[in-house]
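Subject: Structure for your attention

Dear colleague,

My notes on it follow directly after.

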Amino acid sequence: MARRRIVLKRRNVVARILKDRGDALLITGLGSPTWDAAAAGDDAANFYLWGGMGGAALIGLGLAMAQPRRNVVVITGDGEFLMGLGALATIAVQKPRNLSIVVIDNQHYGETGMQESATEHGVDLAAMARGAGFENADTVYTAKELEAAVPGLYAARGPSLVAVKVILESLPIVLPPRDGPDLKMRFREVVLGDGTTG
Amino acid sequence: MAARKKESWPADIFRALQQADVRQVVYVPDAGHKWLIDRCERDNKIRAVPLTSEVEGAAVLAGAWLGGERGVLLMQSSGVGNCINMMSIIQECRFPLLTLVTMRGDWGEFNPWQIPMGQAVEPVLEAAGVIVHRVDEAARIGETVAAATYMAFDAMQSVAVVIGQRVVGFKQWGK
Amino acid sequence: MAARKAKPAHITLQRRAVVKRILKHRGDALVVSGIGNASQDCAAAGDDPNNFYLFGIMGGAAMVGLGMALAQPKRRVVVITGDGELLAGIGSLATIGVQAPKNLAIVVIDNQAYGATGMQDTHTGHGVDLAAIALGSGFANAATVYTAPELEAAMDPILEDRGPFLAVVKVHAKAVRRVKVPNDGPYMRSRFRRALLGDAADD
C-alpha cells in the first residue's frame, strides 16, 4: 500500500474546521486536540475532555441525540479514537445526521512520549467507519481535500468521519479550562439557556 | 517541583522481567513507562504488543500463558478501570497475572479528571481479587517487581505493582 | 466488497453444522471459543483438549487468540466467536492488524443477535460489516459467508492460509439444543496446557 505524503499541520487544520462552525457544539478528545481547540480560541460551546480516553465520540453521540437540530462535531486524536472503536458500530446504527467526527491523525500518542499508534501501521479508520456503516468517511491529506471535506461536517449528512493526516509536531500547549463542573455549567447554558435547571 | 532526574528503576524493572523470562509485554503507551516500553520494543526476545485499550491486556496474557509464555501488562492508573471485567478469567481459571501500574491522581496531580480513577485504583484492584504491592521509593521498585514475578508465575496469583506518582513524577502545567 | 444485509429468508446456514464443518479438518489447530453460543457449538462438534472455551470476558476472545498465536507461532490458532462478543472488543481487530500474526484466524458465527440475553438485535443486523472493518484494520484477508459453497471456499483461509484472516458466517437464529460444556476454568486450562506443552506445563 503506497503511503501518501503527510503535510498538514494540526493547528491550521483545527482552526480551519472551526472557522465555519457557526453554532455547532464541539467535543474535544483529551490531549493535543484539546490544546488545538483552545489555540483556535476558547468558546463556551466547547466541551474539553481531560480524561475518559476512548469516550469522546460517544459523548458526541449522546449530545447529538439530545440536540438533533444542532450540529455536533467531535475533534479527537487517533490514540483516543482507537481506544473506543466500538463507537463506530454504536454510532452507525443510530445514524445521527448531525454528528461529525474528525480524527486529527498524527499516527502517534502525543502525551506519553510519541509512541506509534495503530494508524502508523496500516489501520485505516475511514475504512473501518465505512465497514461499520458510516456513509461518509474519508481520509484527508491535503489542504484541498480538507476544503472539500469541511462543508460536509456542518451539513447534517452524517454520521461522518474525517481522518485528517497531520505531521508530527511538538507545539506549545494551550490550556483551556479544566474544571469539570464549570465546563459542564457553561456548556449547558449555551445549549439549554434557561432550561439548565430543568 | 517535579523531579525527573535520570532514574534507574525502569532498568531495574526490565532486569526483573528478563530474569522471570517474560516474553510478551502488552501495553497502552504511557509516559511513566516510556523507557521500559522502548526497551521492550528493542529487545529480540520480547514481543511488545501495543493495545488500543487496556481492556485487551488480561485476555492477551491469558492466551500467552495458555500458549506457554509469560507476559506483563503495563498501564497507567486510568487504564485499570478499563480492565476489571477481563480480570474474571484470571481469577476463575487461576491464570497468573502481572501488571505494573504507574500512578496518576495520587501525588501532586494537577488534572482533576485523573483523581477519581487514581484514588480508586487500589480498592478496585483488590475488590477484583488482585494482590497489590504499592511502592513509593524508586530504590525498592526492582525488588518489588521481582517479588511480584515469583508470586504471579510460581504461586499462580494476580499481582499488581503500583508505582506511586511521587516516583513517576508529575507534570507541571501553566509554565 | 459490501456485505449484503442478511434478511432472515436468505439465511440457510445452521450454526452447529457450520462449526462442525470448520472443525472437521482442524488437525492440531488450537481453538478458542467466545462466551455464549460459540462455546456450545465447539463442544457440540466434539470436545478436544486443544479447545479453550470461554464463559466470560465478553470482548476478549480474539485477544486470547492473539496471545496464544504469538506464543505458538508454528501452530494454527482459530478463534470461533459470536458477533456480539466480537463487537464488545472491536478494538482487538486493530491490535491484531498491527501484530499481523500469520497463524491466526477469527470466525464469527453471526446470527445477528445476542443469544444469551434474549435475542436482541446486534449491530451486524443493522449494517455493521465486520469483514470490512477487519480489512480496514489491516487483516490480510476477510470474507462474509452466506452459503455452503462460500463456506467451503473459506476453509483454507481459516485453517491454513497466511493470516490474519476473519470470516463472518451468517447463520439463522433458530434455537439449538444445549450441550454440556466443560466450564471448570482451572481444569480446562490445565488440560489445555498439558496437551500443548507436555511436561513444560509445570514450568
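Two residues are said to be in contact if their C-beta atoms, placed from the backbone, lie within 7 Å. Please keep in mind that this is a predicted model.

I begin with the interface between chains B and C. Here 28 residues of chain B are in contact with 29 residues of chain C. On the side of chain C that touches chain B, at least two residues each come from helix 3 (61-71), helix 5 (91-99) and helix 8 (185-197) of chain C. Helix 3 of chain C gives the largest share of that side, namely eight residues. By residue type, the side of chain C that touches chain B consists of 15 nonpolar, 12 polar and two charged residues.

One residue deserves a separate word. C:Arg189 is located in helix 8 of chain C. Is C:Arg189 buried or exposed? C:Arg189 counts as buried because it has 20 C-beta neighbours inside 10 Å, and a residue is buried if 20 or more other C-beta atoms lie within that distance. Setting aside residues up to four places away in sequence, C:Arg189 touches B:Leu66, B:Cys93 and B:Phe95. From C-alpha to C-alpha, C:Arg189 and C:Ile57 are 15 Å apart in space, while 132 residues separate them in sequence.

As to confidence, chain B has an average pLDDT of 91, and 94% of the residues score at least 70. In residues 1-5 of chain B, however, the pLDDT is below 50, and this stretch has six contacts in the model beyond near neighbours in sequence.

A:Gly158 and A:Pro159 are joined by a cis peptide bond, with omega about 5°. A:Pro159 belongs to the loop between helix 7 (143-153) and strand 8 (160-165) of chain A. In chain C, a cis peptide bond with omega about 5° links C:Gly163 and C:Pro164. C:Pro164 sits in the loop between helix 7 (148-159) and strand 8 (165-170) of chain C.

Finally, there are positive phi values in chain A. A:Lys95, a residue other than glycine, has a positive phi near 50°. Its place is the loop between helix 5 (86-94) and strand 4 (99-105) of chain A. A:Lys95 is partly exposed, as 14 other C-beta atoms lie within 10 Å. A:Met114 is not a glycine, yet its phi is positive, about 60°. A:Met114 is part of the loop between strand 5 (108-109) and strand 6 (115-116) of chain A, and counts as partly exposed with 15 C-beta neighbours inside 10 Å.

With kind regards

Key: Residues numbered from 1 in each chain as written. Chains lettered and ligands numbered in written order. Predicted model: local features only at pLDDT ≥ 70, side-chain atom pairs only at ≥ 80, totals over all residues. Helix = DSSP H or I, 4+ residues; strand = E, 2+ residues; numbered from the N terminus. Nonpolar A, V, L, I, M, F, W, Y, C, P; charged D, E, K, R; others polar. Buried ≥ 20, exposed ≤ 12 C-beta atoms within 10 Å, placed from the backbone. pLDDT = per-residue confidence, 0-100.
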